[in-house]
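Trainee: I would like to learn how to read features from a model like this one. Can we go through them step by step?

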There are 4 protein chains.
Amino acid sequence: MTVMRLGRVELRVLDLEKSVEYYTNVIGLEETGRTQDRVYLKAWDEYDHHSLILKKADSAGLEHFAFKVRNETDLSYFEKKVEQFGLTTSRVSKNTRLAEGQAVRFILPTGHQVELYYEIGYLGTAVGTLNPHPWPMNAKGIAPHRLDHVLLTGDDLKSVTRFFMEVLGFNQSEKITTVGGEELLGSFLFATNKAHDLAFVKGPDAKLHHAAFFVDSIHDVFKAADLLTMNEVPIEVTPTRHGISRGETIYFFDPSGNRNEAFANGYITYPDFPTITWTEDKIGQGIFYHRRELLESFMKALT
Amino acid sequence: MTVMRLGRVELRVLDLEKSVEYYTNVIGLEETGRTQDRVYLKAWDEYDHHSLILKKADSAGLEHFAFKVRNETDLSYFEKKVEQFGLTTSRVSKNTRLAEGQAVRFILPTGHQVELYYEIGYLGTAVGTLNPHPWPMNAKGIAPHRLDHVLLTGDDLKSVTRFFMEVLGFNQSEKITTVGGEELLGSFLFATNKAHDLAFVKGPDAKLHHAAFFVDSIHDVFKAADLLTMNEVPIEVTPTRHGISRGETIYFFDPSGNRNEAFANGYITYPDFPTITWTEDKIGQGIFYHRRELLESFMKALT
Amino acid sequence: MTVMRLGRVELRVLDLEKSVEYYTNVIGLEETGRTQDRVYLKAWDEYDHHSLILKKADSAGLEHFAFKVRNETDLSYFEKKVEQFGLTTSRVSKNTRLAEGQAVRFILPTGHQVELYYEIGYLGTAVGTLNPHPWPMNAKGIAPHRLDHVLLTGDDLKSVTRFFMEVLGFNQSEKITTVGGEELLGSFLFATNKAHDLAFVKGPDAKLHHAAFFVDSIHDVFKAADLLTMNEVPIEVTPTRHGISRGETIYFFDPSGNRNEAFANGYITYPDFPTITWTEDKIGQGIFYHRRELLESFMKALT
Amino acid sequence: MTVMRLGRVELRVLDLEKSVEYYTNVIGLEETGRTQDRVYLKAWDEYDHHSLILKKADSAGLEHFAFKVRNETDLSYFEKKVEQFGLTTSRVSKNTRLAEGQAVRFILPTGHQVELYYEIGYLGTAVGTLNPHPWPMNAKGIAPHRLDHVLLTGDDLKSVTRFFMEVLGFNQSEKITTVGGEELLGSFLFATNKAHDLAFVKGPDAKLHHAAFFVDSIHDVFKAADLLTMNEVPIEVTPTRHGISRGETIYFFDPSGNRNEAFANGYITYPDFPTITWTEDKIGQGIFYHRRELLESFMKALT
């Protein structure tokens with residue numbers, strides 16, 4: 001049994017208005033709710049009330065991320081398994097944040113705050129469920145379909161990988177290891193059939209590397225790149241392919257310095273597929289298939 | 001709990017050599033085994049020994065299709081659930097066909113032969129699992145990643161839908177109904193996160209409408225169309241979009257008249273997504289989003 | 001010496017408001033001027049005041065089309081050559097239509113009204129000429145770069161081809177002939193380096209087959225197709241490739257029944273390239289490379 | 001009157017066999033002739049005997065490049081105009097190189113060797129001129145359609161621009177200037193309708209910046225990038241867009257260090273279009289639209 005999907009990400013941002021402007025006009029998300037210190041957003045192709053929360057804060061970063069499960073039964077089941085693994089859980093009460101039901105909260109071995117939940121307000125997609133058009137004519141900006149995955153940094157990748165596989169039912173699609181295989185430097189995990197729903201690379205605990213939004217094709221990655229230049233958004237990595245996941249990608253920064261990705265394609269995977277291994281000497285090619293070497297900022301800029 | 005994926009399709013073909021020539025050179029699958037009356041093939045991106053079996057026969061059509069499950073526990077679990085639903089099961093013994101383990105076999109309410117299995121020979125993809133390239137330089141023809149789905153016809157779509165949802169853990173992504181909603185004319189089902197792994201439309205029992213192979217993009221659908229003309233393969237439906245699934249598509253026929261599809265994109269879905277409804281008056285747009293009307297051959301040519 | 005380009009097309013339309021609505025919101029042209037019975041439009045990437053004129057009339061069709069030449073010297077030069085060929089010319093005086101200078105007017109052997117001109121108002125593109133962005137963020141609809149070509153019907157294709165080659169300096173990129181080569185059934189002509197700026201197919205004199213607008217890629221042809229369905233515009237030919245020109249294409253109708261095309265790619269050609277020949281038995285493949293047969297409406301619906 | 005096109009480029013290479021291996025298997029050109037110290041190649045979509053000559057030498061670089069004109073009349077006409085401009089011309093006799101007729105040779109103000117010619121052997125494209133398919137099924141590697149343009153460096157860009165405009169009939173599509181416009185830092189020139197057939201940027205005289213080959217789309221630029229990594233060819237600039245020309249691009253090096261480009265799209269232009277100006281402060285965006293800053297190697301690595 002696995003969780004259903006990465007359902008939401010809460011990012012800390014320095015300036016709420018500038019951030020909303022960016023996430024609505026450049027990324028093209030829709031604002032769906034607002035309280036004093038938080039703004040809630042969803043992509044046009046998402047049904048639930050929000051997949052992104054912007055929280056006003058003094059420093060950028062990841063406030064929490066959360067997986068949606070099917071129902072209360074699954075929530076209780078996973079709650080017990082998390083406790084059995086040795087993590088402490090707490091219940092976040094309904095309406096702590098807008099449109100949200102109860103959640104089970106805990107801290108990963110890598111220091112990240114995670115929640116599990118099943119209740120959230122329903123808004124529907126921009127195209128509806130009756131004889132729908134394939135996309136909405138009035139979409140703005142990059143207009144991704146949905147939140148896709150997050151990549152986090154942490155020290156103990158073996159434990160956090162074991163946690164997601166044993167407790168939450170994830171599988172590992174790919175991993176990065178030292179050449180001899182002694183140490184785990186990167187771990188790519190899926191609960192669905194996507195190349196990754198969550199990934200970790202070696203680095204400081206509790207940090208966010210990036211949050212990714214899904215677009216359809218190389219063409220849309222290029223359109224995203226064009227729009228980012230038109231909007232003077234800093235692009236860190238221009239359109240390229242990942243060796244890992246095979247996806248087409250572009251990386252850039254939100255106004256607070258949180259890294260975003262527009263990600264397309266990436267293979268479909270299954271629990272019986274073997275884990276693909278990238279050795280450290282090929283890590284450049286694994287991450288940037290065309291450049292074939294890492295970028296210093298890509299390893300250092302974390303929030 | 002659900003099955004893992006559509007693992008194989010066995011097609012009846014009239015001329016084994018012409019069919020192998022077509023499936024290897026035009027579709028671009030790899031022949032992985034052969035017995036007197038059967039040839040086994042896989043796509044370059046598949047790990048298992050085969051996903052397509054061509055069986056020499058006097059008439060074209062679908063001999064059987066099969067879902068891979070995770071292990072013997074799951075196989076026994078589903079075997080019991082199939083029996084509880086009221087269908088008779090039998091065990092197909094190991095090595096009845098090449099490289100295959102035991103399977104559980106039964107007949108759907110729509111008359112189609114289905115198997116469940118978990119054991120099959122492992123060959124690996126054309127790019128390997130150690131620092132892999134994203135695609136193989138020597139791929140031929142349309143070169144799909146994998147078998148994607150089958151669409152079948154049958155009379156009692158309510159029962160067969162109920163079977164897949166209650167017994168095998170599928171969800172329904174989309175459905176076609178009469179305008180008032182009284183009758184179910186089409187049912188699109190998924191066990192993974194793909195827009196469909198299996199679909200049924202109203203029609204004669206035990207028939208195949210098409211077997212679909214997955215390609216990456218509109219560009220690859222066009223490349224497929226060009227290659228089909230170069231190889232003088234009959235194209236039934238030139239490149240277009242589906243309203244249902246949003247996928248980009250092209251339909252054509254193998255040398256025995258079995259319909260094939262090269263299918264790209266299509267959304268990612270989840271069990272909590274509502275079922276999308278297409279009403280009969282919009283069925284043309286649902287199936288051929290640009291043409292907006294059905295094609296007579298598309299409803300009639302079944303094998 | 002050749003003319004510079006197809007500069008404008010004047011179409012007769014039945015309902016001016018409905019036509020403007022279509023050409024601005026669906027095609028995505030910009031209205032640049034208006035008089036009592038005419039509306040002037042340009043594409044976002046065109047510099048001149050207009051490339052399309054809609055003229056209110058009782059029947060649809062082509063009122064005239066015109067080639068831009070470099071200057072008065074060229075205009076006089078071509079005027080003389082047209083006369084020497086045996087056609088009667090007249091001078092259309094400045095400001096007969098909005099923003100236009102003098103033109104030389106004559107009737108082709110196929111009965112079509114043609115003008116040559118060099119003066120026209122200058123508006124500039126939507127992205128400007130100082131450090132321009134590659135495309136405008138506020139483009140609407142199909143948003144073609146420019147008017148690309150027209151295809152006309154006529155009886156005496158040999159004469160009209162000879163006229164364009166001998167008088168206006170065109171070359172012939174491709175032709176359609178009877179299998180034995182006796183009769184010319186189609187003639188594709190270029191004055192630039194594009195696969196065609198003008199084409200004729202055998203048919204009734206003085207008729208328009210279609211006016212084409214240029215888009216960038218297969219992706220944009222598909223986007224056009226999606227938008228046409230969203231706007232309930234009748235599509236005649238869904239996205240496909242031409243054998244002739246190799247371009248990617250989609251055909252559809254404006255509210256008066258004038259056929260439009262969104263056309264992408266197509267090769268670059270030169271005066272020393274041999275003329276490509278399509279024989280009548282392969283005409284289906286030449287026109288619709290994937291369908292490989294003609295469409296009855298495609299031959300019959302003319303305005 | 002203008003020249004017809006950039007017809008050939010002769011590159012000096014250090015190792016003839018390694019270079020042929022690269023240009024045939026990675027770029028995907030066809031070897032069409034060979035003498036002791038030269039190998040001749042063409043792209044699949046070119047008609048003439050060759051567009052690229054590899055000449056064995058002790059240092060990499062551009063041996064000469066040449067424009068094809070229509071006939072002897074044009075050749076003599078341009079010969080006189082070159083002389084009138086003040087450059088010394090010589091006639092290169094027929095068969096000095098394989099399959100070539102007489103040429104007129106001269107040295108540009110920037111020190112580059114240029115030839116004009118009209119005679120060259122005819123081989124035809126890989127798809128023929130009778131009912132041709134749009135592309136050849138057996139194409140290898142990047143498989144460009146044709147040689148597209150060269151970019152050269154030199155000191156006196158005003159003179160060389162004036163030469164091409166006044167003598168050879170080119171027009172200037174774009175230019176790079178200091179912010180106040182005093183100095184010309186880049187000049188993009190066309191004789192056809194392509195965004196550039198030839199370009200110069202400020203730098204040492206007589207040097208080659210790159211030779212570009214034309215591919216169809218962003219998709220093919222990405223395919224090229226993938227193939228370059230698979231073949232371990234050094235990529236300097238991963239897939240991106242140019243502000244100048246709007247083309248999609250990737251830069252990489254041949255085994256001798258000559259820079260190559262795979263270039264797609266780019267607009268269609270005409271002699272009456274105004275010259276687009278890029279000011280030095282926006283040069284990064286003009287050259288690499290997404291990165292928005294120059295790359296040191298891009299300015300320094302010249303052959």
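**Reading the loops**

Mentor: Start with C:Glu119, which sits in the loop between strand E8 (113-117) and strand E9 (146-154) of chain C. Keep in mind that this is a predicted model.

Trainee: Which residues does C:Glu119 contact, beyond its neighbours within four places in sequence?

Mentor: C:Lys94, C:Ala99, C:Glu100, C:Gly101 and C:Gln102. Take C:Gly101: it is 18 residues from C:Glu119 along the chain, yet their C-alpha atoms are separated by 4.6 Å.

Trainee: Where is A:Glu280 found?

Mentor: In chain A, in the loop between strand E17 (276-279) and helix H5 (283-287). Its relative accessible area is 39%, so A:Glu280 is partly exposed. Leaving out residues up to four places away in sequence, A:Glu280 touches A:Thr177, A:Thr178, A:Val179 and A:Leu185. A:Ser93 is 187 residues from A:Glu280 in sequence, and the C-alpha atoms are 43 Å apart in space.

Trainee: Now contacts that cross between chains. Which side chain makes a polar contact with the side chain of A:Arg5?

Mentor: That of B:Asp272, at 2.8 Å. A:Arg5 is in strand E1 (residues 5-13) of chain A. Its relative accessibility is 10%, so A:Arg5 counts as buried. Setting aside residues up to four places away in sequence, A:Arg5 touches A:Asp48, A:Ala66, A:Phe67 and A:Lys68, along with B:Tyr270, B:Asp272 and B:Phe273.

Trainee: And B:Thr229: buried or exposed?

Mentor: Buried, because its relative accessibility is 1%. B:Thr229 lies in helix H4 (residues 218-230) of chain B. A polar atom of its side chain lies 2.8 Å from the backbone oxygen of C:Tyr289. Beyond four places in sequence, B:Thr229 is in contact with B:Ile235, C:Gln285, C:Tyr289, C:His290, C:Arg292 and D:His133.

Trainee: How do I describe two packed helices?

Mentor: Give the angle between their axes and the distance between the axes. Here H4(B) packs with helix H4 (residues 218-230) of chain C at about 100 degrees, with the axes 9 Å apart. H4(B) is therefore roughly perpendicular to H4(C). The residues of this contact divide into four nonpolar, two polar and no charged.

Trainee: Which residues meet there?

Mentor: B:Ile218, B:His219 and B:Phe222 in H4(B) meet C:Ile218, C:His219 and C:Phe222 in H4(C).

Trainee: What about record annotations? Where does UniProt place "domain: VOC"?

Mentor: In an unreviewed entry, UniProt places that feature at residues 5-119 and 146-265 of chain A. Compare the record with the model. Residues 5-119 of chain A are 22% helix and 39% strand, with the end C-alpha atoms 13 Å apart. Residues 146-265 of chain A are 19% helix and 47% strand, and the end C-alpha atoms lie 13 Å apart.

How values were computed. Residues are numbered from 1 along each chain as its sequence is written. Chains are lettered from A and ligands numbered from 1 in the order in which they are written. This is a predicted model: local features need pLDDT of at least 70, side-chain atom pairs count only at pLDDT 80 or more; totals for chains, interfaces and linings use all residues. Side-chain values use heavy atoms; hydrogens and water are left out. Helices (H or I, at least four residues) and strands (E, at least two) are DSSP runs, numbered from the N terminus. Buried means under 20% relative accessible area, exposed over 50%, partly exposed in between (1.4 Å probe, protein chains only). Contact means heavy atoms within 4.5 Å. A polar contact is a pair of N or O atoms within 3.5 Å; within protein, one must be able to donate a hydrogen and the other to accept it, and residues adjacent in sequence count only if both atoms are side-chain atoms. UniProt positions are given in the numbering used here, feature names are shortened, and annotations may be inferred rather than shown by experiment. Axes are lines fitted to C-alpha atoms, for helices over the stretch in contact, and angles run from 0 to 180 degrees between N-to-C directions. Angles under 35 degrees count as roughly parallel, over 145 as roughly antiparallel, 65 to 115 as roughly perpendicular and the rest as oblique. Ala, Val, Leu, Ile, Met, Phe, Trp, Tyr, Cys and Pro count as nonpolar, Asp, Glu, Lys and Arg as charged, and the others, Gly among them, as polar.
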